[in-house]
2 protein chains.
Amino acid sequence: MNDIMEKLKDKLKEKGYKLTPQRRATLDTIINNQGKHLSTEEIYDMVKTECPEIGLATVYRTLQLLDELDIITKINFDDGCSRYELNNHEDNHQHHHLICVKCGEVIEVEVDLLETLEEEIEKNYDFKIHDHKVKFFGYCSNCK
Amino acid sequence: MNDIMEKLKDKLKEKGYKLTPQRRATLDTIINNQGKHLSTEEIYDMVKTECPEIGLATVYRTLQLLDELDIITKINFDDGCSRYELNNHEDNHQHHHLICVKCGEVIEVEVDLLETLEEEIEKNYDFKIHDHKVKFFGYCSNCK
DNA sequence: AATTTAATTGATAAGGTATTTCAGTTAATA
DNA sequence: TATTAACTGAAATACCTTATCAATTAAATT
Ligand SMILES: [Mn+2]
Ligand SMILES: [Mn+2]
Ligand SMILES: [Zn+2]
Ligand SMILES: [Zn+2]
């Protein structure tokens, strides 16, 4: 059992929840597809190969649970469905996304560079920031 | 007729579209409620006082059209519906939003401070940025 | 290893937002 | 005023997501 699965087990136990085969298989699918920003239906289809009897409602419930437990993050690319990605457990903030408005490609940006802006905001707006979601829209190298 | 309505009329004419009372009333409602981030249903309810015979489908269609014409912007606060706000016509980028995770208050931040980050991204990722959407989550002055 | 029990599941119904359809209406141009 | 393509409202439809519920199961307790 890997680190992330171990962490899931602990967090579930803490709340009196159970580690079921369905939850294992769902998290496994997300772990094995990092960087792909899979939708619920896409995850459902992939999980079924490992766990054919799983129902769609269970996948919805599991993703909601993993999000609550801070293991994954829900992302919205305005394409009509929710997508999910594994959280980075070293630091606790979401990376940025570059979205090509022509071909739809999504590129991940790990450099943060928001420190100055966040300090400015905390000072000027008396607002305590604990997370952010940043999307840039434009043209990727193939499309510009 | 104010500047924004004039701009709408021009853009519609350019595409062979018509300036109808329903479109006028919808845009008027948005103009008269700046900073409120109204949802489609909320706009529908307010428009009805001025234009009681309007249908919900027309409001959906009009908001979609105003978005396409770059007069308003659709925003997503993950509360299950689309919200809209009037575009700033001086510069062409979206201001930032601070969202209080406790009380839900939304604060607008006009300072941009993303120049350095955007330059860095354009250089390192060979990506031509033309817009961004930035949300900060945390605690407002009342809630922290 | 068997018992207990609250959590979990899959199937399906139901909910909620958004879009499509279509016949009747209307803004804009000549 | 006549013409016509665009537009509208009402209702049906589509689609993603959540709720319901009886059957099952993980995990703690004997
Ligand atoms: Mn990502
Ligand atoms: Mn705003
Ligand atoms: Zn591209
Ligand atoms: Zn607050």
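Trainee: In S3(B), which residue is the bridge partner of B:Ile72?

Mentor: In this predicted model, B:Ile72 has B:Leu86 as its bridge partner in S3(B).

Trainee: How many bridges join strand S2 of chain B to S3(B), and do they run parallel or antiparallel?

Mentor: Strand S2 of chain B, residues 72–76, is joined to S3(B) by five bridges, and the two run antiparallel.

Trainee: What do S2(B) and S3(B) form, and how many residues lie between them?

Mentor: They form a hairpin, with five residues between the two strands. In the turn, B:Asp78 has a positive phi of about 55 degrees.

Trainee: And strand S1 of chain B, how many bridges join it to S3(B)?

Mentor: Two bridges join S1, residues 38–39, to S3(B), and this pair runs antiparallel. B:Ser39 has B:Arg83 as its bridge partner in S3(B).

Trainee: Why is strand S3 of chain B largely enclosed by the rest of the structure?

Mentor: Strand S3 of chain B spans residues 82–86, and four of its five residues are buried, so the rest of the structure largely encloses it.

Trainee: Changing topic: how many disulfides does a search of the whole structure find?

Mentor: The search finds zero disulfides over all chains.

Trainee: Which of the terms buried, partly exposed or exposed applies to A:Cys81, and which to A:Cys143?

Mentor: A:Cys81 is partly exposed, at a relative accessible area of 32%, whereas A:Cys143 counts as buried at 16% relative accessibility.

How values were computed:
Residues are numbered from 1 along each chain as its sequence is written. Chains are lettered from A and ligands numbered from 1 in the order in which they are written. This is a predicted model: local features need pLDDT of at least 70, side-chain atom pairs count only at pLDDT 80 or more; totals for chains, interfaces and linings use all residues. Side-chain values use heavy atoms; hydrogens and water are left out. A disulfide is a pair of cysteine sulfur atoms within 2.5 Å. Buried means under 20% relative accessible area, exposed over 50%, partly exposed in between (1.4 Å probe, protein chains only). Two strands pair if DSSP finds at least two bridges between them.
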